[in-house]
Amino acid sequence: MHLASGDIWKIRPEAKLKYDEKFFQLKPINGYITGEQAKNLFLMSGLPPQILAHSRALADRDADGKMDCGEFAVAMHLIEMKLKGFDIPKTLPPSMAAPAPAIIPNVPVYRASVPIVPPASVGNLVGGFGRSGSPVDKPQRSTSVSSQDSPTGVPLL
């Protein structure tokens, strides 16, 4: 099979949105779903377990047995392409190696680059926290306690 639109393995934004919605429906914990959650969903495709296992292995880049949103999108796309009649590749195609970040529905994405420029006073901190000389050079306040330190005039113990 051949698609005229270019690289079939590249995950299109509309597909990524669909995969992300499915991922968040699985209620990830700390940004991950378990291998069991993924397996149960993938089995619903009707594909043989060995095909699904290969798809999961390709997608699970760090081989930790759980999936983040990007890994899940890769696995879903591989499965979807197999359902359309394409053979799943032996190795992950370069266009799938680093999928786009999660697209969370109804949350705007801000991609503006804002330069971070430290205030001028921060530069003074680098060479000794803005102090010149030693703390010994500066007069120190006495730490002894006297009746003058008490609001009632009674010596403190």
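Me: How many salt bridges does the count come to, and what makes a pair qualify as one?
Reply: The count comes to four salt bridges. To qualify, a side-chain nitrogen of Lys or Arg has to lie within 4 Å of a carboxyl oxygen of Asp or Glu. Keep in mind that this is a predicted model, where local features need pLDDT of at least 70 and side-chain atom pairs count only at pLDDT 80 or more, while totals for chains, interfaces and linings use all residues. Residues are numbered from 1 along each chain as its sequence is written, and side-chain values use heavy atoms, with hydrogens and water left out.

Me: Where do D20 and K16 lie?
Reply: Both sit in helix 1, residues 13-25, four residues apart, or about one turn of the helix. A helix here is a DSSP run of H or I with at least four residues, a strand is a run of E with at least two, and the numbering starts from the N terminus. In general, an α-helix has 3.6 residues a turn, so residues three or four places apart point the same way.

Me: How do you know whether D20 and K16 are buried or exposed?
Reply: Check their relative accessible areas: buried means under 20%, exposed over 50%, and partly exposed in between (1.4 Å probe, protein chains only). D20 has 0% and K16 has 2%, so both are buried.

Me: Which salt bridges does E80 form?
Reply: E80 meets K18 at 2.8 Å, N to O. E80 lies in helix 4 and K18 in helix 1, so this pair ties together parts that are 62 residues apart in sequence. E80 also forms a salt bridge with K84, with the closest N and O atoms 3.9 Å apart, a value that is still within the 4 Å limit. K84 has a relative accessible area of 45%, so it counts as partly exposed. Through shared partners, K18, E80 and K84 join into one network.

Me: How do you know that the length of helix 4 agrees with what it should span?
Reply: The expected span is 1.5 Å times one less than the number of residues. For the 15 residues of helix 4 (residues 69-83), that should be 21 Å, and the end C-alpha atoms are 21 Å apart, so the two agree.

Me: Why is helix 4 called largely enclosed?
Reply: Because 13 of its 15 residues are buried. At the N-terminal end, D68 caps the helix, with a side-chain oxygen 3.0 Å from the backbone nitrogen of G70. Just after helix 4, G85 takes a positive phi of about 105°.

Me: What makes a set of residues a nonpolar core, and which members touch the most others in the largest one?
Reply: The members are buried Ala, Val, Leu, Ile, Met, Phe, Trp, Tyr and Cys residues, joined through side-chain atoms within 4.5 Å. The largest core has 27 residues, and W9, I11, F42, M67, F72 and L78 touch the most other members. Two or more residues come from each of helix 1, helix 2 (35-43), helix 3 (49-59) and helix 4. Helix 4 gives the largest share, nine residues.

Me: Which residues is D7 in contact with, beyond its neighbours within four places in sequence?
Reply: D7 is in contact with R12 and S95, where contact means heavy atoms within 4.5 Å. D7 is in the segment before helix 1. The C-alpha atoms of D7 and S95 are 7.9 Å apart, though 88 residues separate the two along the chain.

Me: What is the pattern of the protein chain along the sequence?
Reply: The pattern is α-α-α-α-α, with five helices and zero strands. Of its 157 residues, 25% count as buried.

Definitions and conventions:
Polar contact = N/O pair within 3.5 Å; in protein donor to acceptor, adjacent residues only side chain to side chain.
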